[in-house]
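Dear colleague,

Here is the structure you asked to have handed over. My notes on what was found follow below it.

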Amino acid sequence: MNGHSSYIATILSGVPQGTVLGPLLFILFINDLELCVKNSTIRFFADDTRLSKHISYERDVQELQDDLDRVITWAKQNNMKLHEDKFELMVHKYRPSFTLYELPFICEQMSYTISTGDTLYPINGLRDLGVIVSSDLSWSPHVNTIAARARSVASWVLSAFMTRDRVTMLTLYKSLVRSHLEYCCPLWNPDKIGDIQQLEGVQRTFTSKICGVKHLDYWSRLKALNLMSLQRRRERYIILQMWKTLHGKCPNDINVQFLEPSRHGIKAKVPQLNRSSSQRHQSTYDASFAVIGPRLWNTIPSSLPQIADLDEFKFKLTDYLKTIPDKPPVSGYSCANRNSLLEWHSNKAEAQLLGRSESLMTQ
């Protein structure tokens with residue numbers, strides 16, 4: 001500071017907690033952790049670390065066990081203590097219905113041990129950085145959890161505040177309730193109608209308490225309050241993530257590919273799964289960000305990807321989304337489609353094609 005440095009000191013372990021430099025110093029401290037892993041993929045964010053490996057043969061199990069042992073040894077050598085009692089094992093099975101997995105000896109072969117000698121056995125779900133991941137790659141458990149939490153917060157808000165005026169209610173909703181429903185949503189964006197309806201139900205119930213719009217149905221209420229459906233907001237976040245990927249504002253870990261600019265703008269390449277894959281795997285893959293992200297990106301006007309400023313892109317994207325009908329799936333309502341931008345875009349393209357055909361026939 002002011003041209004002066006502090007004295008040199010040997011750091012034996014740990015970083016000061018509750019400081020601005022703490023997270024950065026901790027990252028520097030554990031940065032060489034990945035060097036000790038030989039056969040697996042390691043990812044860590046602050047003090048949350050995960051090892052992953054594709055298991056095809058018995059030797060793969062042993063290699064993953066060896067890497068786990070190396071991580072534990074690294075921690076001891078660096079005077080760090082891992083919470084081994086919090087270690088969790090999750091297995092994403094290629095064929096969940098394969099009866100061989102149910103045999104006892106398979107469970108023993110696919111288990112791992114920690115330094116205390118305890119064995120890690122597969123679990124059905126775990127919380128990873130605030131998101132509940134299930135072994136079958138379903139987001140329904142996460143949706144159930146966050147919907148229950150949001151309903152609890154909404155109930156507290158409605159009991160703690162007597163006023164029901166629009167400004168106060170919307171401020172409370174946006175700051176205290178909606179944030180629970182949207183955390184990390186580009187990752188877990190649900191495609192099941194039941195999950196979508198459950199999330200919309202939280203917003204539907206809360207907005208029905210606001211003075212002046214109680215008599216309106218949910219779709220009309222959204223327009224009156226100038227709100228997007230939660231489904232539309234999730235797709236908006238996915239498009240924003242794609243923009244950040246294109247302009248280098250975030251890592252492109254899943255290798256999203258953009259095509260050369262043309263008169264149609266900058267489009268993204270939609271990856272395809274192997275044709276021999278099962279219908280279950282195809283459905284799971286199609287609902288992932290790697291596929292949904294490029295597909296949603298390709299629906300926006302060609303002028304938007306060229307915008308280099310994030311705030312300007314958000315503003316223009318929001319204006320564009322307001323021109324598209326927003327009628328989310330809600331229990332008791334008859335919907336024209338699933339309300340995704342993909343379906344509205346497809347309907348618009350079909351209508352334009354039909355109009356051209358009719359024009360040609362008239363001529």
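**The second largest pocket**

Seven nonpolar, two polar and nine charged residues make up the lining of the second largest pocket. Please bear in mind that this is a predicted model. The lining has 18 residues in total, and those nearest the centre of the pocket are Asn226, Leu227, Met228, Thr318 and Lys322. The volume of this pocket is about 490 Å³.

Four helices each supply at least two residues of that lining: H5 (166-182), H8 (218-224), H9 (230-246) and H12 (310-321). Of the contributors, H9 gives the most, with four residues.

**The cavity**

How many cavities of 30 Å³ or more does a search of the whole structure find? The search finds one. The largest cavity has a volume of about 40 Å³.

Its lining consists of Pro186, Leu187, Trp188, Asn189, Ile238, Ala287, Ser288, Phe289 and Ile292. Two elements give two or more residues to this lining, namely helix H6 (185-188) and helix H11 (289-297). Helix H6 has the largest share, at three residues. By type, the lining of the largest cavity divides into seven nonpolar and two polar residues, with no charged ones. The lining of the second largest pocket, by comparison, includes nine charged residues.

**A nonpolar patch on the surface**

Leu21, Leu24, Leu25 and Leu28 form a nonpolar patch on the surface. Together these four leucines have about 380 Å² of accessible area.

Leu28 can be looked at on its own. This leucine is found in helix H1, which covers residues 22-30. Is Leu28 buried or exposed? Leu28 counts as exposed because its relative accessibility is 58%, and the cut-off for exposed is over 50%.

**The chain as a whole**

For orientation, the protein chain has 363 residues, and buried residues make up 34% of them. The chain contains 13 helices and six strands. Along its principal axes, the C-alpha trace spans about 75 × 55 × 50 Å.

If you open the model, three places can be found from the residue numbers above. For the second largest pocket, go to Asn226, Leu227 and Met228, which are among the residues nearest its centre. For the largest cavity, go to helix H6, which gives three residues to the lining. For the nonpolar patch, go to Leu21, Leu24, Leu25 and Leu28.

Regards

Definitions and conventions:
Residues are numbered from 1 along each chain as its sequence is written. This is a predicted model: local features need pLDDT of at least 70, side-chain atom pairs count only at pLDDT 80 or more; totals for chains, interfaces and linings use all residues. Side-chain values use heavy atoms; hydrogens and water are left out. Patches are made of residues with over 30% relative accessible area and no salt bridge: like charges are joined within 9 Å, nonpolar side chains (Val, Leu, Ile, Met, Phe, Trp, Tyr) within 5 Å. Accessible areas come from the Shrake-Rupley method with a 1.4 Å probe; for residues, only the protein chains shown count as cover. A salt bridge is a side-chain nitrogen of Lys or Arg within 4 Å of a carboxyl oxygen of Asp or Glu. Buried means under 20% relative accessible area, exposed over 50%, partly exposed in between (1.4 Å probe, protein chains only). On a 1 Å grid over the protein atoms alone, a cavity is a set of points where a 1.4 Å probe fits but cannot get out, and a pocket is an open set with protein on both sides within 12 Å along at least five of seven lines; lining residues have an atom within 4 Å of a point. Grid points are joined across faces, edges and corners, and a volume is the space filled by probe spheres set on the points. Ala, Val, Leu, Ile, Met, Phe, Trp, Tyr, Cys and Pro count as nonpolar, Asp, Glu, Lys and Arg as charged, and the others, Gly among them, as polar.
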